[in-house]
Amino acid sequence: MAREMFTEDALRTFLLAVGLAPAQEDYSLTFEQLQLDSLARVEMAARIEDQYGVALEIDADQSPRAVADLVNANLAGAAS
């Protein structure tokens, strides 16, 4: 059974849950630029794995948009 794609709404929900300021909507900035520390990144990775079954490590120099793209690429690969 294919999992649903990791949408921008899901991305925003996860980011808010790990401490992103509600006014921030630029997901092309890095986690470091968004001031989300290693604990926030580990928590986000755990939430992604729990909900989407995709295990990954999130680095400070990655952007949330890049992480969403990685999740969706993994989901698409698993579906084929």
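Visitor: Is Leu-36 buried or exposed, and what relative accessibility does that rest on?

Guide: A residue with under 20% relative accessible area is called buried. In this predicted model, Leu-36 has a relative accessibility of 4% and therefore counts as buried. Leu-36 belongs to the loop between α1 and α2, and, leaving aside residues up to four places away in sequence, Leu-36 touches Leu-15, Val-18, Gly-19, Leu-20, Phe-31 and Arg-41. Across the 24 residues of sequence that part Leu-36 from Ala-60, the two C-alpha atoms are 8.0 Å apart in space.

Visitor: Where does Gln-35 lie, and is Gln-35 buried or exposed?

Guide: Gln-35 lies in the loop between α1 and α2, and with a relative accessible area of 73% Gln-35 is exposed.

Visitor: Which element holds Leu-39, and is Leu-39 buried or exposed?

Guide: Leu-39 sits in helix α2, and because its relative accessibility is 64%, Leu-39 counts as exposed. The C-alpha atoms of Leu-39 and Leu-70 are separated by 20 Å, the two residues being 31 apart along the chain.

Visitor: How many helices and strands does the chain have, and in what order do the elements run?

Guide: There are three helices and zero strands in the chain, so that, read from the N terminus on, the elements run α-α-α.

Visitor: What angle and what axis distance describe the packing of α1 and α2?

Guide: Two packed helices are described by the angle between their axes and the distance between the axes. For α1 and α2 the axes come within 10 Å and cross at roughly 140 degrees, which makes α1 oblique to α2. The crossing in which α1 passes α2 is right-handed.

Visitor: Which residues make the contact of α1 with α2, and how many are nonpolar, polar or charged?

Guide: On the α1 side the contact is made by Ala-10, Leu-11, Phe-14, Leu-15 and Ala-17, and on the α2 side by Met-44, Arg-47, Ile-48, Gln-51 and Tyr-52. Sorted by class, this contact of α1 with α2 has eight nonpolar residues, one polar and one charged.

Visitor: At what angle do α1 and α3 pack, and how far apart are their axes?

Guide: Helix α1, residues 8–17, packs with helix α3, residues 64–79, at an angle of about 125 degrees, and their axes are 11 Å apart. That angle makes α1 oblique to α3, and the crossing of α1 and α3 is right-handed. The contact involves Glu-8, Leu-11 and Leu-15 of α1 together with Pro-64, Arg-65 and Ala-68 of α3. By class, the contact of α1 with α3 has four nonpolar residues, no polar ones and two charged.

Visitor: How exposed is Arg-12, and which residues does Arg-12 touch?

Guide: Between the buried and exposed classes there is a partly exposed one. Arg-12, a residue of helix α1, counts as partly exposed because its relative accessibility is 22%. Not counting residues up to four places away in sequence, Arg-12 touches Pro-22, Gln-24, Glu-25 and Tyr-27. Arg-12 and Gln-51 are 39 residues apart in sequence, and their C-alpha atoms are 14 Å apart in space.

Visitor: What radius of gyration does the chain have, and what would a compact globule with 80 residues have?

Guide: A compact globule with 80 residues would have a radius of gyration near 12 Å, and the chain, at 12 Å, agrees with that. Taken along the principal axes, the C-alpha atoms of the chain fill a box of roughly 35 × 20 × 20 Å.

Visitor: What percentage of the 80 residues is buried, and what percentage of the contacts joins residues at least 24 apart?

Guide: Buried residues account for 35% of the 80 residues in the chain. Of the contacts between residues at least 6 apart in sequence, 56% join residues at least 24 apart.

Notes
Residues are numbered from 1 along each chain as its sequence is written. This is a predicted model: local features need pLDDT of at least 70, side-chain atom pairs count only at pLDDT 80 or more; totals for chains, interfaces and linings use all residues. Side-chain values use heavy atoms; hydrogens and water are left out. Axes are lines fitted to C-alpha atoms, for helices over the stretch in contact, and angles run from 0 to 180 degrees between N-to-C directions. Helices (H or I, at least four residues) and strands (E, at least two) are DSSP runs, numbered from the N terminus. Angles under 35 degrees count as roughly parallel, over 145 as roughly antiparallel, 65 to 115 as roughly perpendicular and the rest as oblique. A crossing is left-handed if the near helix is turned anticlockwise from the far one by less than a right angle, and right-handed if clockwise. Contact means heavy atoms within 4.5 Å. Ala, Val, Leu, Ile, Met, Phe, Trp, Tyr, Cys and Pro count as nonpolar, Asp, Glu, Lys and Arg as charged, and the others, Gly among them, as polar. The radius of gyration is taken over C-alpha atoms; the globule rule is 2.2 Å times the number of residues to the power 0.38. Buried means under 20% relative accessible area, exposed over 50%, partly exposed in between (1.4 Å probe, protein chains only).
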